[in-house]
Amino acid sequence: AFFTGANMNVQVGLLSKIAENHSLFSLYNLAFVGQAFQFPNTQEFDTKSQAHLFSFEYRWDLGEHWRIRPGVTAGKTYTQTAASEVWGKGLYDNKSLGYQLAGDYTFDLRGKKSVATAMISRFSVKFPNYTDILRQFRGESSNTELAGGLKDQILTEYMLSFRRDLWRAKLRLNGVGFKREKVVESSAIYGGGNQKDSNVILSVATDRKLWIFETSPEVRYQVHRSNQNFLLYQSATDASPTFAPNYYDYKEYALDFPLY
């Protein structure tokens, strides 16, 4: 009855100075969360995901204080959310492609080096295997237009961050526009409007030493809003499902306290 899990994050990057005040930065990030080793015939199951992220950034130093950083990013994520899913064909497998424009301002604040950063980024995220459960429930999945891609989305994010000595704070505002996902109406049909989500995420963190450990505690607060509704069916023959408006709205408080 022994069970193990794994959480791995590996980053490999290269910073190349090509001229005075001009640099190129490339990065590969591998992240894995989920089961470590588990036989496929076991009854225990836990979700797992593996993400590959590639980014390329051009850095241009403008004097002693300013720096601009345009860049491009591409990624691929594999997921398994049910024991019956085949790895590599997961419902939430996705691939992303996007770009960013960031600006850094470095200054001295009470004798400590400080950096303020502003960034805007935009990503296209595609889910080639995602299908709609409600349409499958109604037997409409035979329509080829409904197979895959229903969660395809465009994400636009604005970010402000501040770092001073061992402290850092970050504010992220993003909006997610779905290309094909329609909003469920109270009449149990899909309306003409597309689903739109938004997030406000505020985090504060610090780096400290604790006895023989190093730690980076972080406090995070997130507000998620969505115009998507939901129909709560009590059974497969339920003719009058309960309509739940703004079903996916939530607020989240989080505290991370890792030890190294």
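Modeller: By class, the lining of the second largest pocket comprises five nonpolar residues, two polar residues and one charged residue; here Ala, Val, Leu, Ile, Met, Phe, Trp, Tyr, Cys and Pro count as nonpolar, Asp, Glu, Lys and Arg as charged, and the others, Gly among them, as polar. The residues concerned are Asn7, Met8, Asn9, Ala31, Val33, Asp256, Pro258 and Tyr260. A pocket is defined on a 1 Å grid over the protein atoms alone, as an open set of points where a 1.4 Å probe fits, with protein on both sides within 12 Å along at least five of seven lines; a lining residue has an atom within 4 Å of a point. The space in this pocket is about 260 Å³, a volume being that filled by probe spheres set on the points, which are joined across faces, edges and corners.

The model is predicted, so local features need pLDDT of at least 70 and side-chain atom pairs count only at pLDDT 80 or more, whereas totals for chains, interfaces and linings use all residues. Residues are numbered from 1 along each chain as its sequence is written, and side-chain values use heavy atoms, with hydrogens and water left out.

Strand 1 and strand 2 each supply at least two residues of the pocket lining, and strand 1 gives the largest share, three residues. Strands are DSSP runs of E, at least two residues long, numbered from the N terminus. In the loop between strand 1 (5–19) and strand 2 lies Asn21, whose phi is positive, near 75°, although the residue is not a glycine. Most residues other than glycine have a negative phi. Asn21 counts as partly exposed because its relative accessibility is 33%; buried means under 20%, exposed over 50% and partly exposed in between, with a 1.4 Å probe and protein chains only. Lys17 and Glu20 are both exposed, and they form a salt bridge with the closest N and O atoms 3.8 Å apart. The criterion is a side-chain nitrogen of Lys or Arg within 4 Å of a carboxyl oxygen of Asp or Glu.

Strand 2 (residues 22–35) runs antiparallel to strand 3 (residues 48–62), and 12 bridges join them; two strands pair if DSSP finds at least two bridges between them. Within this pairing, Phe25 stands opposite Glu57 of strand 3. Strand 3 also pairs with strand 4 (residues 66–80), in the antiparallel sense over 13 bridges, where Lys48 has Gln80 as its bridge partner. These two strands form a hairpin with three residues between them, and Gly63 in the turn has a positive phi of about 75°.

Across the whole structure there are 10 salt bridges. One of them joins Lys112 to Asp165, the closest N and O atoms being 3.9 Å apart. Lys112 lies in strand 6 (residues 112–126) and Asp165 in the loop between strand 7 (153–164) and strand 8 (167–184), so the pair ties together parts that are 53 residues apart in sequence. Lys112 is partly exposed at 36% relative accessibility, as is Asp165 at 41%. Salt bridges with shared partners also join Glu57, Arg59, Arg67, Arg69 and Asp104 into one network.

Note on methods: Helices (H or I, at least four residues) and strands (E, at least two) are DSSP runs, numbered from the N terminus.
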